[in-house]
Amino acid sequence: MAPLNKNDLSNLSFILNKPNDVSFAERPKPSLASPHDVLVAVNYTGICGSDIHYWVHGAIGHYVVKDPMVLGHESAGTVVEVGDKVTSLKPGDRVALEPGYPCRRCTNCRAGHYNLCPEMAFAATPPIHGTLTGLWSSPADFCYKLPDNVSLQEGALIEPLAVAVHIVKQAAVTPGQSVVVMGAGPVGLLCAAVARAYGASKVVSVDIVQSKLDFARDFAATHVYASQRVSAEENAKAIRDLAGIPSGADAVIDASGAEPSIQASLHVVRNGGTYVQGGMGKPDINFPIMALCLKEVTAKGSFRYGAGDYALAVELVASGKVDVKKLITSVVGFKQAEEAFKKVKEGEAIKVLIAGPNEKM
Amino acid sequence: MNTELLTTVMKNPSLFLAGPGTARIQDRPVPTISDPHDVIVRVCFVGVCGSDVRRGDAVHFWKHGGIQTPVSDPLVMGHEASGTICAIGSAVTSVKVGDRVAIEPGHPCRRCTACKAGSYNLCPDIKFASAPPDTHGLLTKFWKAPEDFVYKVSDETGLDEEVLVEPLSVAVHTSRLAGIRPGDTVVIIGSGTIGLLSGAVARIFGAHRVILLDIAGEKLRFAAEYLGAETRLLDMEASPEESSEAVLSQFDLHDRVDVVIEASGAEASVQLGIYLLRLGGSYVQTGVGKPKLSIPMLALSEKELRVRGCFRYGAGDFALAVQLLDRRMVDLKPLISSVTPFERAPEAWDKTGRGEGIKNLVQGVLD
């Protein structure tokens with residue numbers, strides 16, 4: 001395929017002005033800021049719960065949309081230009097975009113925890129513009145070349161898959177273990193798949209929506225459980241009985257953010273097991289702290305993704321261990337972005353992809 | 001020509017190694033701020049490391065022109081130094097002009113897999129002071145560094161002492177890799193600068209017993225006084241198995257040595273270290289010696305030893321070393337054996353090469 005020319009490409013962007021007020025506009029095309037950077041034409045972008053949240057509420061925690069901001073951060077694209085010092089990529093290469101750039105200099109960055117960099121510039125976290133746009137500039141080491149057998153649409157799923165990889169690494173899942181995942185949304189489903197790839201022999205997906213559980217069973221879970229309106233301890237016991245893990249699960253991942261699920265998690269994890277908080281819900285909840293203490297549970301947070309997660313995510317897709325294509329509910333044209341957001345908000349879809357503005361549909 | 005006069009005329013006098021046994025002072029362009037995060041340091045003291053001179057079987061720079069990569073083009077030597085900030089870039093916030101700093105001499109790329117995973121000491125493209133082919137070192141008047149590779153130090157500590165933060169960082173890195181925990185028994189083989197500093201750090205990490213072994217009695221007498229460590233002179237005629245039995249008997253440590261830090265690089269010591277360890281013990285190779293040597297692999301395997309290589313220092317090591325010095329948890333002054341004027345630096349190399357002194361310093365270029 002002939003290399004793309006930046007001058008031939010549109011930089012139409014999907015912009016959030018204020019809650020529930022979005023518009024399209026051509027923005028100035030980015031240039032390479034450093035010889036280590038590359039320019040990428042965005043081909044596909046998935047919609048994340050956080051994009052929806054900004055669209056509806058205009059803020060997540062202390063991140064507030066004060067000025068119009070381009071949405072989107074789960075993207076794959078094609079390299080258009082490379083800086084003079086870039087040797088790993090060339091124009092025409094198809095890449096998954098890791099959309100957050102750390103400072104590389106602080107204590108966290110130097111210690112290998114760049115996801116915790118206080119100066120992190122993350123796409124579509126205000127005030128940084130997102131990737132629902134035509135052209136995107138990135139340091140070359142944050143673009144991951146897609147092998148020939150991985151499509152650009154699959155490339156747009158690498159971001160949520162990397163989130164799942166990071167969560168499962170925090171959970172320290174090893175072969176033969178049992179894992180319970182609370183929540184069967186995209187991240188929960190992907191956590192289940194990654195846990196299987198890490199050798200877990202039992203993976204239980206838990207949710208309140210039966211259709212999501214049906215999907216989970218076909219996708220990656222060995223068992224599924226529909227949460228009941230009973231106590232956390234009762235739900236936990238039902239999960240242990242269902243999966244045949246009377247002592248509890250080695251690892252429990254919360255990918256729901258829901259208080260009842262978090263509470264059940266502490267009752268389903270085994271003595272000495274690991275609990276990972278991946279999901280985001282209420283900032284403060286009632287937590288079974290006594291269970292944590294008595295059972296000597298290791299509890300960890302998980303935030304986005306760090307060193308090696310994206311590369312592993314690409315490898316999991318390329319080797320066929322995680323079939324992300326199954327999560328793609330539909331693909332829409334760039335101008336249908338607002339409709340796509342509405343559809344995702346209604347909760348009917350798993351992952352909707354928005355084609356880039358230069359994509360011929 | 002009078003070299004003292006030369007260095008006042010030159011803008012950035014620097015001491016080059018031009019070939020084995022050939023050193024000369026030449027001028028170089030004064031470095032300038034090119035990135036908003038850069039600082040320029042006026043170098044005040046530079047230390048001499050064993051790697052700068054020939055030592056035993058290992059081939060080093062001064063006598064043989066380079067460790068693994070021979071020095072081809074003239075190269076400025078020195079990688080242990082302290083100084084004062086004389087210029088800062090627009091984005092620098094952690095130091096200001098006039099601040100006294102310890103200098104971390106290796107600048108990684110920050111972009112590769114190793115850097116982003118937190119192992120920047122393993123960056124394949126790291127620019128390390130005095131490393132061939134062309135990364136000039138710290139025996140110079142002015143040195144440019146990114147802000148996060150200089151560390152502001154206490155006004156109470158001399159800049160001569162601050163030079164030893166570099167080998168102290170090696171000791172910190174070693175102790176962290178060894179996984180020393182409170183109550184541990186640590187044996188250190190080799191009582192040079194690194195061995196001594198490793199002993200000090202091991203104590204700080206909570207080691208209950210620290211034992212130093214060496215073939216030189218004088219070094220062990222120093223270790224006993226400096227560290228309050230237990231010591232034993234190794235018999236060069238004895239086999240490593242015999243030495244191991246002698247040490248374990250003398251100190252009543254059969255199956256009780258938790259950690260061995262090998263800080264000499266000598267083959268017999270490496271073997272000794274493996275024999276000394278208890279089942280499941282931890283071994284760290286910090287000393288640099290022959291590239292290939294013979295080890296008791298069966299003993300290593302059957303005792304399920306955890307063996308780690310150790311290379312320079314990584315994330316957090318330098319910062320901790322500065323903290324340890326500035327809080328007076330280690331005293332580095334006793335290790336400073338001499339200070340040689342800049343123009344006569346090769347004399348400091350010769351001293352170190354002859355085994356004279358522990359740490360020999362070179363004075364930075366004076367105005």
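## Exercises on sheets and rings

The charged end of Arg304(A) lies over the ring of Phe122(A), 3.7 Å from its centre. A charge counts as over a ring when NZ of Lys or CZ of Arg is within 6 Å of the ring centre and within 35 degrees of the ring normal. This is a predicted model, where local features need pLDDT of at least 70, side-chain atom pairs count only at pLDDT 80 or more, and totals for chains, interfaces and linings use all residues. Residues are numbered from 1 along each chain as its sequence is written, chains are lettered from A and ligands numbered from 1 in the order in which they are written, and side-chain values use heavy atoms, leaving out hydrogens and water.

**Exercise 1. Find the ring of chain B that lies under the charged end of Arg312(B).**

Start at Arg312(B) and look for the ring below its charged end. That ring belongs to Phe128(B), with 3.6 Å to its centre.

**Exercise 2. Describe the aromatic pair of Tyr313(B) and Phe318(B).**

Step 1: recall the rule. Rings of Phe, Tyr and Trp (its six-membered ring) pair if their centres lie within 6.5 Å; planes under 30 degrees apart are stacked, over 60 edge-to-face, and the rest tilted.

Step 2: Tyr313(B) and Phe318(B) are 5.4 Å apart centre to centre, with 70° between the planes, hence edge-to-face.

Step 3: check burial (buried is under 20% relative accessible area, exposed over 50%, partly exposed in between; 1.4 Å probe, protein chains only). Tyr313(B) counts as buried because its relative accessibility is 3%, and Phe318(B) because its value is 1%.

**Exercise 3. Work out the order of the three-strand open sheet in chain B.**

Step 1: Two strands pair if DSSP finds at least two bridges between them.

Step 2: read the order, S2-S1-S4, with antiparallel pairing. Strands S2 (22-26) and S4 (75-76) of chain B are the edges, each pairing on one side only.

Step 3: look between S1 (residues 14-19) and S4(B), which two bridges join. Leu17(B) has Leu75(B) as its bridge partner in S4(B).

**Exercise 4. Trace the six-strand open sheet of chain B.**

Step 1: follow the order S13-S12-S11-S14-S15-S16, where the pairing is parallel. Its edge strands are S13 (230-233) and S16 (306-309) of chain B.

Step 2: inspect S14 (residues 259-262) and S15 (residues 282-285) of chain B, joined by four bridges. Val259(B) has Ser282(B) as its bridge partner in S15(B).
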